[in-house]
Amino acid sequence: MDRVIFDDCLLRFGPDLDRWPEPQRSAAYAFVGGDAAAAARLDRDVALGDLIRRASAVAPGSDAALVGAVLAKAAAPRRRGALSTSVIAHLGPRFAVPAFAVFCLLFGGAGFAIGIAAQSETNDALMNVAEGDFMLMDGGALALEPGGNG
C-alpha cells in the first residue's frame, strides 16, 4: 500500500481500520506500522472522529425531542438554486413555458425591427450606387450627387 491508496481508503472507510475490508485492512496496518506520516494522519482522523462524536452527543436532561427534530431537519434534502424560491417554481411549467414564448416573441421581434431599420440605410446607399447617383471624391470615396435620390 502506498500513501495515495491509504488516503483514498481512509476517506472511503473511515479511521477505524478494523472496519476496513480485509485486504485493505492488513495492508493498512502494515503501512501505518512502517510510515510515521501515515500513522500521524490516522491518529488525527481518529481524534477528529472522536471530537465529532462527543460534540454531537445529546447531553442528559436536554430536550431530546428538540435535538431529534433539529437533526432530522438538517438531514432532510434541500431544494437548491434560486429557481426553487422564485414565482416560476411555484406556478410550475404551465406558466413558465408561455412566459418564455412571450419573451422570445418580444425580444425576437425587437431584434428583427432593429435589423430592418439598420438595413434600410444600407439599402438606400447601395441603390444610389446602383443607379449611378454618386461621384468619386479625392481618395476614391463615394459621395451622392446633389440632385440624386439620397
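How far apart should the ends of helix α2 be at 1.5 Å a residue, and what separation do its end C-alpha atoms show? Some notes on that and on the neighbouring helices follow.

1. Helix α2 takes in residues 22-34, which is 13 residues, so at 1.5 Å a residue it should span 18 Å. Its end C-alpha atoms sit 19 Å apart, which agrees. Keep in mind that this is a predicted model.

2. For the overall picture, the protein chain has six helices and two strands. Reading from the N terminus, the order is α-α-α-α-α-α-β-β. Of the 150 residues in the chain, 12% are buried. If you take the contacts with a separation of 6 or more, 31% of them link residues 24 or more positions apart.

3. Back to α2: which of its residues are buried? They are Ala28, Phe31 and Val32. These cover an arc of only 95° around the axis, so they lie on the same side of α2. The other side of α2 has Pro23, Ala30, Gly33 and Gly34, which are exposed. As a reminder, an α-helix has 3.6 residues a turn, so residues three or four places apart point the same way. The cover over the buried residues of α2 includes α1 (3-13) and α3 (36-56).

4. α3 can be read in a similar manner. It has 21 residues and reaches 30 Å from its first C-alpha to its last, close to the 30 Å expected at 1.5 Å a residue. Ala38, Leu42 and Gly49 are its buried residues. Those cover an arc of only 40° around the axis, which puts them on the same side of α3. On the face turned away from that buried side you'll find the exposed residues Ala36, Asp43, Arg44, Arg54 and Ala55. Cover for the buried residues of α3 includes α1 and α2.

5. How do α1 and α3 sit relative to each other, parallel or antiparallel? Their axes come within 11 Å and cross at roughly 10°. Angles under 35 degrees count as roughly parallel, and that makes α1 roughly parallel to α3.

6. As for the residues where those two helices meet, α1 brings Arg3, Phe6, Asp7, Leu10 and Leu11, while α3 brings Ala37, Ala38, Arg41, Leu42 and Asp45. Sorted by type, the contact has six nonpolar residues, no polar ones and four charged ones. Two of the α3 names, Ala38 and Leu42, also turn up among the buried residues of α3.

7. Trp20 deserves a look of its own. Where is Trp20 placed? You'll find Trp20 in the loop between α1 and α2. Its relative accessibility is 1%, so Trp20 counts as buried, the cut-off being under 20%. Leaving out residues up to four places away in sequence, Trp20 touches Phe6, Cys9, Leu10, Phe13, Gly14, Arg25 and Ala28. Cys9 is 11 residues from Trp20 in sequence, and their C-alpha atoms are 8.2 Å apart in space. Some of these partners have come up already: Phe6 and Leu10 of α1 also meet α3, and Ala28 is one of the buried residues of α2.

Note on methods
Residues numbered from 1 in each chain as written. Predicted model: local features only at pLDDT ≥ 70, side-chain atom pairs only at ≥ 80, totals over all residues. Heavy atoms only, no water. Helix = DSSP H or I, 4+ residues; strand = E, 2+ residues; numbered from the N terminus. Expected span 1.5 Å × (residues − 1). Buried < 20%, exposed > 50% of the residue type's maximum accessible area, 1.4 Å probe, protein only. Arc of directions from axis to C-beta. Contact = heavy atoms within 4.5 Å. Axes fitted to C-alpha atoms, helices over the stretch in contact; angles between N-to-C directions. Parallel < 35°, antiparallel > 145°, perpendicular 65-115°, else oblique. Nonpolar A, V, L, I, M, F, W, Y, C, P; charged D, E, K, R; others polar.
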